[in-house]
Each structure stands twice: as structure tokens, then as C-alpha cells.
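Welcome to a short tour. Open your viewer, and we will go from one selection to the next.

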Amino acid sequence: MCQFNKINVKRFLKWFLGIVILLILGAAIAWFGFLKPKPPPISNKDRASVTVMPLPSKLDLGNDRFRIDSNFEIQFSKMETPRMKKALARFSSRLESRLGKSLGSQKNKTLLLNCQQEANQYPNDREDESYTLTIEPNKIDISAPTEWGILHGLETLLQLAVQEDGEWYFPEVEVMDQPRFTWRGLMIDVSRHWIPKEVILRNLDAMATVKMNVLHLHLTDHQGFRMESKTYPRLHEMGSDGNYFSQEEMEEIVAYASERGIRVVPEFDLPGHSASWFVGYPELASAPGPFELQTGWIGDAIMNPAKEDTYTFLDEFFGEMATFFPDPYMHIGGDEAVATHWDKNPEIQAFMKQNGIEDNHELQSYFNQRLHEILKKYGKTMLGWDEIQDGNLPKEEIAIQAWRNHKSLWRAAKEGSKGILSTGYYLDHKQSADFHYAVEPEVIKGAVTIDIDSIHWKSFHNDMALNDMKMESDLYLFGKGPNHTGIMNFMGDSFSFTDGVIENGVLTFSHEAQFGTLNYELEKKADSLNGEGMISVFSIQIKGKQTGGSEMPDGTPLPKFEKIEPLTPEQAANILGGEACMWTELANATTLESRIWPRAATIAEKLWTPKVLTDNTDDMYRRLMVMDDYLETLGTHHKKGMQTIIENMVSEKYYDPLKTLVDVLQEDKLFNRISIYDSVPNVNTPLNRIVDAARPESYVAYQFGKDVDAWLETSDEDIKSKLTEQLKNWQDNHQKLMPAFEEVELLKEVEPHSHHLSQLATLGLTALGNPSDPKPGIQQDSLFVAAGKAYGGTLMNMMSPFQKLIQNE
């Protein structure tokens, strides 16, 4: 019996061991064949060794290098085109500028350009922009299906140049690259503040550097009509104050862009935002003239959609413009159409009744349909802001630019329209680079961040008015007692808040939006709300009525928030890409570039580089700060604007200390910045204050934070020496500037920043073990609070690293 059991046990063990081996083999096959995470297309080691922006799709570094000690012998494998020759001339000029010397000639080093096909005169939205780049010790090869890939390869090659021990070289590398999205755009508003041709050309050079390929020009608005029309010359003659692009200048811009692989898409904003049209042609308007250019930002001038002459005019105008803009897309705006003049015009009201048009929304849809037919006649695809998607337009024949919320992009994609994302890419809102870098076209982040209390809730429908602009919103309150959380829905988006309080019949709460902080104060009586929402100096009047709640069984039910169905692959293909937007209400030709660059490079990378490579914020900032300096060498004026304003403000002896202060400041968010003015700013408001010199993000402040973190982690003496030198400079800087604060009125509003910086530096030096006779009575907590506030529309965004350094003492 015992022998029998031993035999069975042996058989069982053999059987069990066999099963285990099979399971292990199966798991190994599954892991290595199917489940093992794919390595990133660029290793962490290689990524840390390059500063290219945007990152390519795939990059493998070797161990050798190509020394840049002479010019290359240029060889064209397939063809040599005028566009490629011009690109090579730019490449050579920029490379010599980086090296600081002219290069001679040497035959044993070759740059081979292998282009398979010459491109059309103008790029379009269906181009193959891919390329490969191989660098060996004596040979560089750039191969591409079209010229556009050759241009991109040359830009990548330039950025790969590295200096070490006084010598310049390219690393040995293999690059395979192609864009993630076909639309990688930058919109520049040239209407609110005039932006001349030379500034546009500089921005085209910067765009080409980071592989952006669409320049969208917002050419008309209430404040100016910026394009010459020989068919209707009073448009630019009377609607521009003399500042407009001649047809010859626009031809130059389009050609300059095309040489760099960039398309130019014009925007003629209709039917609203159109006062500049009516200065010369008042018969187009819905209200009687005369009209003049507006200086403020909000207006109610709107085109008359009930007159057939309107469409005759637009037909002839767009026919003329189609000859200057070869791109297949034409942008018609379509946003923020204030319909006050439609309501007051009896002829328009009679037209609506006669044609069965029930409301202003349907009237704008009728206008857009007529405009769509005109553009189609000239071979153009209608592109507009997301308001146009509500009209009865053929979905497959239009493109939507989503600006109010991300959901409108997905809606467009689901309906069969092409879509472009600008939500989260508004550069004029003065968000940080990492904010823009986190915006993902194919992912909608849930806006609701609170727990939904379905037991205790109330909902209100509200009418909102900002001057003549009408809006609607829905407010949801959760909780009982005085304290509430909630959600505010308006402009198609949802905003959560946790600070709601009802006290003495008054409801107060606030929430962040893309454009700043909204603070509400609403009187609550029975089932009604009445009050205002404040954003900076703007007041939004609000009247609301309760529509539902846990105690209203017959009321409107509580909705499910932010449930977004995923896109199918076919729908996702309708997302063309994205576009950074730079509106110029508070920027002019001097300050524009500092508001665009280098932050636009992060958006460019998001739209070019594979998604798997765009989740490392620290590495993005490392390369962005290199790009910040690199763009300056190419001629971009994103740093020069600050210098110009400082030079115009103070004498030479104060220039360096004032620049030291401004370097650590950043402009506050758009609407928060507006609060520094006695009245709402307009086109005539001087943009000559420190807030205009300060950039939207301080990379000096960012690097200080990284250095503090490194010191606290490693106690490295070199880092300590760097911090000590910087802190001593900041500590002494206020004393140097004190006479300037007395002499220059415009400086006084930022004097607190200077004083706080000196005090913080004093405490920082003490924390580093460098006693510098710190002033007695410096209270850390109150100093941190005071130093974290905005002064003169600027912030000193260094409280976190200072607190880490000082309180680690």
C-alpha cells in the first residue's frame, strides 16, 4: 500500500511539474509576445541626450559623431528644386550663426538629400511630411517622399547640433519621423492690434522651426479690416486706420509661408465682429449708420442676412480673396453673433416671418448656409468657430474649430465634420506651458471634480447678460445647511466649485475658468436667484429660477455629468489636429512674440509627436528652455519686447536691476490682469507697463525651483554656490531699484515684488547657511502670503521653492 502511494505521488509530481512548466512557458510567450509593454520609440537615455523640439516619432543614438568643422558637399539623390535650395541656404546661414564662423569646403563629408517627389506650389491638408534622418561620422542622409519632409529633416538636423569642449558636432543617430496630426496651427489676431508683415514673417520662421504648418490670420473684427480689397476698396481704406496688408504683401506672406511648408488660412469674421466692414459699406449692416471702428472689445454690429445685396457683395468679395489664398479652407468666424440689431430691425423680422425662421439662431444658420454655397463655388471648405456647427450645414463639407469646450470637437468628429482643437490652446489666457502640454486632442478630461449628492440637490436655470451679450447657464447645488458644493454649466462646459455658502439669503461661490476666476454673489429668494458674477472688472448680470431638486419630484431631473462616449477610429480620423490662438486685445507688435514663444512649441510638440512621448513635463521644460534661447538666435523677438519696454521706462543705470526683477515675474491670467486698469482697456490703452514687459511664464523662476529641489535632495556644493549667488543678487536688487521707484510712476505698482524678493532672498541665504545679517522681524507666513499676491498685473511664482528652502532650514 505504501509503495502504491509513493508511485502515485511521483506521477502526480511529474504531472504537476509539467503543468507548471507549461504555464511558465505560456506566460513567457504571452508576456514577450503580447503583454510586455512596448519600449518607447525613444529611450529615456537618448531622450535626455537631445534637445530637439518637437521630439521625433523615433530616434536611436549611436556612439560616434559627425564633426562640424567644414561645409558639406551637398548631393541631391533624385531631384534639386528651388524650394530645397532655399531651405539649404537658410540651413547653412543658421548653422554658421550657431557656430559663430563661416565654414569652408571639404569633399569627404556629405549631406545627401533624397527627395522622391516635388511638391505642389502651395502645401495643403493632405501632404506627406514624413522623413528619415541618418547621421554617420562622414555622411548625413535626409530622405523623404516630398519636399516637405526634407524641410522638416533640415530643421531637426539644425537642432541636433551640439557644442562640447569648444567643438561642434552632430551625434550619430537614426531618426524616423512623421506628424501625428495634419493640422498644427497658430492663429494670430491682426485686427484688435495691428501686427505688421515683418512680425508675421518672423513668426513663420519660428513656426517652421517647431514644424507648425498652418498660419491662421484673423484679418477682420470690430477694430480693423486688415486686407486690401480692390473690388471693395472702402473696406480697407476706411476700415483700417491705414494699417492693412496690401495684396502684394499678402502674396509675399503666402509665398514665404509656402517655402517653409506652411499654409495660410484667412479668417473674415461674419456675421458678427463686423463693424469694420460697415465703416465703408454701411448698407451691409443690420442697423442704420454711420459706423466707426470700435475701440472696445465687445460690440453688437452685425451683418444684415435678410438683404440679397449682402450675398452679392460677399460673393464678389470672397471670389477676389480666393485668388490670394490658395489654401482649400476659408475661415468665416461665426462666433459671438450679438443679435440685438436683428431684433430691432423690422425688415429682418418680416424676412424671418416670411421664411419661417423662428429665432436668431435659425437666422444665423440661414446666413451660414448662403455663405457656404458661396465658398463652395470658389472651391473652398467652410471653416468656422464651433458656433457654426449648430446650423443646418452639410456636416461632411465643413470644419469646426473648437474654442468654447472640448466636447464640440468630439461632436464635430462624430457628426462627420473635420475638427480642430483650440480649447486649452489659448496663448493669450497666459497659462503655463505644462497647462497646454496636458491638453490632449483625443482625450476629454472630466470637468466635474466633486462628488454628486443625489439626495440633497437643487438646480437653477439662469439668464446671463454681459452688456449686450446674452448667455444661459445651469447651476446645480449639492448639500444641506449653509455650505454647498456645485456645478456651473455655461458656454457648453462644466465648472465645479466647493466654496458655496448661503448666508443671510445670499449665495456666494467661485470657480476657475480658462480665462480667469469667476466670483458669484446671488440673492436667493424662494425659488429664484438674482445677482452677478464678477470676472476682473466685468460684471455678468444673472437671473435664475429653480428648475429641479431632490424636493421637486416634478422638476427637471438631475443630469449625468460629463459622460462622453469614445470616438470610433473612423470618427477620430476627423480630428485634424489643433491650433494655438493668440488674440491681441492686450498684445501689440512689441509684445506679441513674447506671448506666443516659446510656449507655442509645447503645443507644436503635442500635435507632432506620438502621444506616448508627450507625458514627461520635466523633460518638456528642459528642452523648452533650450528652445527659448534657440529661437532668439533665429531672430524671434520674444525676448526683445521686454528689453524695449524696460529701455523706454528707465535710464541705463536701472536697466539691469529692473530686468533682474522682471525676469522672475510673469503676467497674470487674462482677466485677472485687466483688473489693474481704472476702466476696461481698449485699443488705445498703452501697453507699456511692467505687466507688458513680463512674459506669461518665468523660466528663471522655474529653474530656481528645480535648483532648490536638487539642493534639498543632494546637498551638492555646486548647486549651493549657484543658489547663493542668485539669492545675493536678489537680496541686493531692491536697494539698487529704490531710486527708480521714486522717479518712475509706472514702476511703483510692482515695488512690493521687489521688496518681497529681497526679503525672501535674505531668508533663503540664511537657510543655506550663509548668514547675511537678516533683518529682524521678517515673519515668514505673512511674507509668503504677501509675496504670493499679484501686483501690477504680475505674479512672482516662486513661493513653493522659497518655502521648501526656508522651512527646510
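A crossing counts as left-handed if the near helix is turned anticlockwise from the far one by less than a right angle, and as right-handed if clockwise. Keep that in mind for the helix pair below. You are looking at a predicted model, where local features need pLDDT of at least 70, side-chain atom pairs count only at pLDDT 80 or more, and totals for chains, interfaces and linings use all residues. Residues are numbered from 1 along each chain as its sequence is written, and side-chain values use heavy atoms, with hydrogens and water left out.

**Helix 18**

Select residues 617-633: this is helix 18, with 17 residues. Helices here are DSSP runs (H or I, at least four residues), numbered from the N terminus. Now colour its buried residues (under 20% relative accessible area, 1.4 Å probe, protein chains only): among them are Tyr621, Leu624, Met625 and Asp628.

At the N-terminal end, pick asparagine 616, the cap, which has a side-chain oxygen 3.3 Å from the backbone nitrogen of aspartate 618. Just after the helix, glycine 635 has a positive phi of about 105°.

**Its partner**

The crossing is left-handed. For the contact (heavy atoms within 4.5 Å), show Asp618, Tyr621, Leu624, Met625 and Asp628 of helix 18 with Tyr699, Tyr702, Gln703 and Lys706 of helix 23.

Terms used. Helices (H or I, at least four residues) and strands (E, at least two) are DSSP runs, numbered from the N terminus. The expected span of a helix is 1.5 Å times one less than its number of residues. Buried means under 20% relative accessible area, exposed over 50%, partly exposed in between (1.4 Å probe, protein chains only). A polar contact is a pair of N or O atoms within 3.5 Å; within protein, one must be able to donate a hydrogen and the other to accept it, and residues adjacent in sequence count only if both atoms are side-chain atoms.
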